[in-house]
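I wanted to look up how the side chains of this protein pack, pair and face the solvent. My notes follow in the order in which I looked things up.

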Amino acid sequence: RTNRREGRVKNYREWLRVAHGAMSNTNLDKELEALNVEERAAIEVLGRDFEERRAALHRQYAEAMRGPIAPTTSLSETPSTMEPNTPSSMSNEELALPRKSVSPSAPGIQPESAPAQQPPAAAPPAESVPAASSIASSSSSPAAPAQMTLWEREAYEAARLEEARHEKITQLDAQRMEEAQLAEKRDRERRQQEDQLAVAEARRRSLSNAERRDYHSRLAVENQQKFQEMEEEMKGEQSRLNAEQLRQEAIRKAKEAPQVQLAESADFSYHLQDGMAKKVKAFRQRGTGGDTLIIKIEHDLNELQIEESVKGMSIDSLVERLEDLSLSAQPRYVLYIHKISHKDGRITYPIAFLMFMPENVPIHLKVLYTRPVAGLCDTFAISKHFPLSDPEDLTVEWLEKMLLHGK
């Protein structure tokens, strides 16, 4: 029986290796080990059950042998052969094993074969009935015959235990097969989930790459726009730097220009340019708000010249023109007619005589433009002049204040 069990276990393990040859899953190995442990435990339980039943059978047989012998048993038919070995003197091992035939050469012993079962002629004694009923009720298989020898009973119990063990092994095989199928199903579902996750991850990466490309494209466009704006700002800054450089160069040249040597007795009155007197007279008589005359001195010609004559110039435009003159460090005289609306409804057009003298003007030009001022007030028939050094100071409020209040 042990050899048959080991052979079945070996065949089962071989079947498992064939069925799961390519599968090296850790969970499957654990389940197989658990099934092996369960199988060993079941075999141990079956072995213990078999030994307990065998011992009980021996005890029942010994008790039966101590009482009246049943007339149907083969042992009662050969009393002469059983006298040498009575049941009281026989051990359990001797009772459990079938008798073997003894060689005729042994002195004093007659050869004897195992007794055969005879058909029951009468009911068994009362002592043997409880034993048979207890044996029949201890198993779920069909009840054993009431009259049987010890060897037949032992063979019957062994066959019944072998059948129970085979049934248990069959159940374990079915359970292992079901668990293997479940494990394969779980592994298949796991692979499907992994495939789905891989597809989702690939889709997410594709979307991420598309978003990254869009982001880089937008970033490149924004950087290009910023670069163009920076280039424009740099060009504007360079233009301002060039203008400032030209202004500084003009200032340097003006400072380095040879100064005009004026004698102490020199006359600082200049002649008016041809036709300038008529223009100034017409400007005073027919001029209206915003009319402007910008006058300069030509020292080499010893005369005053009208550089610009503008109709309807605003204060802001005049400020811009004076800023250009300030960059080149050039002083000028300005006659400007300003329109004033009084609170009583009157409208007047006073003439403002501005002496524009930037701060960066060389000294000799300051002298040339400052000394003739008093005579020019008489020439232009204007009572006062208003010095101006910064073009930003020229506003409507400042001009009206100077014209109305003189300060």
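**Entry 1: contacts of one leucine, and the cores**

I began with Leu-335 and listed what it touches, leaving out residues up to four places away in sequence: Phe-283, Asp-291, Thr-292, Leu-293, Ile-295, Ile-351, Ala-352, Phe-353, Phe-380 and Ile-382. I note at the outset that this is a predicted model.

I then asked which residues have the most contacts inside the largest nonpolar core. That core has 25 residues, and the ones with the most contacts inside it are Met-276, Ile-295, Leu-304, Tyr-333, Leu-335, Phe-353 and Phe-380. Two or more residues are given to this core by each of helix 8, strand 2, strand 3, strand 4, strand 7, helix 10 (363-370) and helix 11. Another core, of 16 residues, lies apart from it, and Leu-318, Leu-325, Phe-356 and Leu-388 are among its members. As background, I wrote down that in soluble globular proteins nonpolar side chains tend to be buried together.

Next I went through helix 8 (residues 276-286), where I found Met-276, Val-280 and Phe-283 to be buried. These three cover an arc of only 60 degrees around the axis, and therefore they sit on the same side of helix 8.

The buried residues of the helix pack against strand 1 (271-272), strand 2 (292-298), strand 3 (303-310), strand 4 (332-337) and strand 7 (351-356).

I looked up the strand order and found an open sheet of 6 strands, running 1-3-2-4-7-8 with mixed pairing. Strand 1 and strand 8 are its edge strands, each pairing on one side only. Between strand 2 and strand 3 the pairing is antiparallel and extends over 7 bridges, and Glu-298 stands opposite Glu-303 in strand 3.

**Entry 2: aromatic rings**

How many aromatic pairs does a search of the whole structure find? It finds 3. Tyr-333 and Phe-353 are both buried.

For Phe-353 and Phe-380 the ring centres are 5.6 Å apart and the planes stand at 90 degrees, so I recorded this pair as edge-to-face. Distant parts of the chain are linked here too, with Phe-353 in strand 7 and Phe-380 in the loop between helix 11 (373-379) and strand 8 (386-388), 27 residues apart. I checked burial again and found Phe-353 and Phe-380 buried. Ring pairs link Tyr-333, Phe-353, Tyr-369 and Phe-380 into a cluster.

**Entry 3: salt bridges**

My count of salt bridges came to 20, and I looked at several of them one by one. Arg-240 forms a salt bridge with Glu-237, with the closest N and O atoms 2.5 Å apart; both residues lie in helix 7 (residues 150-256), 3 residues apart, which is about one turn of the helix. Arg-240 counts as exposed at 52% relative accessibility, while Glu-237 is partly exposed with a relative accessible area of 36%.

In the salt bridge of Glu-244 with Arg-247, the closest N and O atoms are 2.5 Å apart, and the two are separated by about one helical turn because they are 3 residues apart in helix 7. Glu-244 is partly exposed at 34% relative accessible area, whereas Arg-247 is buried at 18%.

Lys-311 and Asp-291 meet through their side chains in a salt bridge of 3.6 Å, N to O. This pair links distant parts of the chain: Lys-311 is in the loop between strand 3 and helix 9 (315-327), and Asp-291 is in the loop between helix 8 and strand 2, 20 residues apart.

Note on methods: Residues are numbered from 1 along each chain as its sequence is written. This is a predicted model: local features need pLDDT of at least 70, side-chain atom pairs count only at pLDDT 80 or more; totals for chains, interfaces and linings use all residues. Side-chain values use heavy atoms; hydrogens and water are left out. Buried means under 20% relative accessible area, exposed over 50%, partly exposed in between (1.4 Å probe, protein chains only). Helices (H or I, at least four residues) and strands (E, at least two) are DSSP runs, numbered from the N terminus. The arc is that of the directions from the helix axis to the C-beta atoms. Contact means heavy atoms within 4.5 Å. Rings of Phe, Tyr and Trp (its six-membered ring) pair if their centres lie within 6.5 Å; planes under 30 degrees apart count as stacked, over 60 as edge-to-face and the rest as tilted. A salt bridge is a side-chain nitrogen of Lys or Arg within 4 Å of a carboxyl oxygen of Asp or Glu. A nonpolar core is a set of buried Ala, Val, Leu, Ile, Met, Phe, Trp, Tyr and Cys residues joined through side-chain atoms within 4.5 Å. Two strands pair if DSSP finds at least two bridges between them.
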